[in-house]
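Dear colleague,

I am passing on the structure below, and I would be glad if you could look through it alongside the notes that follow it.

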Amino acid sequence: RTTDWAANLGIEIVGDLNNAICDQRKFTEIIFAQEAEQERRIAEIATTISEHSHVKFVMIAGPSSSGKTSFANRLSIQLRSLGKKPHIISLDDYFVDREKTPRDENGDYNFECLGAIDVEDFNNDMLKLLAGETVELPRFNFKTGKREYDGNVKTLGVDDILVIEGIHGLNPKMSYALPEESKFKV
């Protein structure tokens, strides 16, 4: 798919890309075309999600700094355009308090392991939301190293969807208690 898309833009080898980068007009065209293609694909994903009324959790995963939050925001806009009410939840907000964070082999905090997240609290909150209960969601304060509750209250309505992003978004252990049919994985 990507190869065909690039060929349509006249980029079949690395040299073609290098030449395009040197031509500001061509480079700008490629950037705009890529952004349009990405938005089109995100719209396709949103359409697929909206066609499944049982989906309440969109689970997004990727490595650190890969664009999960940006993707979640763009997907949320597309879902909103289809009549859904998306709410973004970062798995980082479920980090355990700093003193409980596992350490790596060098003694440094390991924020990327599953043990750095309070999986049980996350699942409990999500199950309550799925059952129609009102839940106050945490925000992790990276300065203090603690979860805080500041009035971020949610209750899921019929058209509400939780867009959940984090490194472990696709890890089955992360959302072990949630029904599989309620999840859409990206």
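This is a predicted model: local features need pLDDT of at least 70, side-chain atom pairs count only at pLDDT 80 or more; totals for chains, interfaces and linings use all residues.

Residues are numbered from 1 along each chain as its sequence is written, and side-chain values use heavy atoms, with hydrogens and water left out.

The structure holds 1 cavity of 30 Å³ or more, a cavity being a set of points on a 1 Å grid over the protein atoms alone where a 1.4 Å probe fits but cannot get out. The volume of the largest cavity is about 40 Å³, taken as the space filled by probe spheres set on the points, which are joined across faces, edges and corners. Its lining (residues with an atom within 4 Å of a point) consists of Ile88, Ile89, Asp93, Leu137, Pro138, Arg139, Asn152 and Lys154, that is, 4 nonpolar, 1 polar and 3 charged residues.

Arginine 98, in the loop between strand S2 (85–90) and helix H5 (119–130), is buried yet has no salt bridge; buried means under 20% relative accessible area, and a salt bridge is a side-chain nitrogen of Lys or Arg within 4 Å of a carboxyl oxygen of Asp or Glu. The nearest side chain of opposite charge, glutamate 99, is 7.5 Å away.

Lysine 173, in the loop between strand S7 (160–165) and strand S8 (183–185), counts as exposed because its relative accessibility is 59%, the cut-off being over 50%.

Best regards

Conventions. On a 1 Å grid over the protein atoms alone, a cavity is a set of points where a 1.4 Å probe fits but cannot get out, and a pocket is an open set with protein on both sides within 12 Å along at least five of seven lines; lining residues have an atom within 4 Å of a point. Ala, Val, Leu, Ile, Met, Phe, Trp, Tyr, Cys and Pro count as nonpolar, Asp, Glu, Lys and Arg as charged, and the others, Gly among them, as polar. Helices (H or I, at least four residues) and strands (E, at least two) are DSSP runs, numbered from the N terminus. Buried means under 20% relative accessible area, exposed over 50%, partly exposed in between (1.4 Å probe, protein chains only). Lys and Arg count as positive and Asp and Glu as negative; His and the chain ends are not counted.
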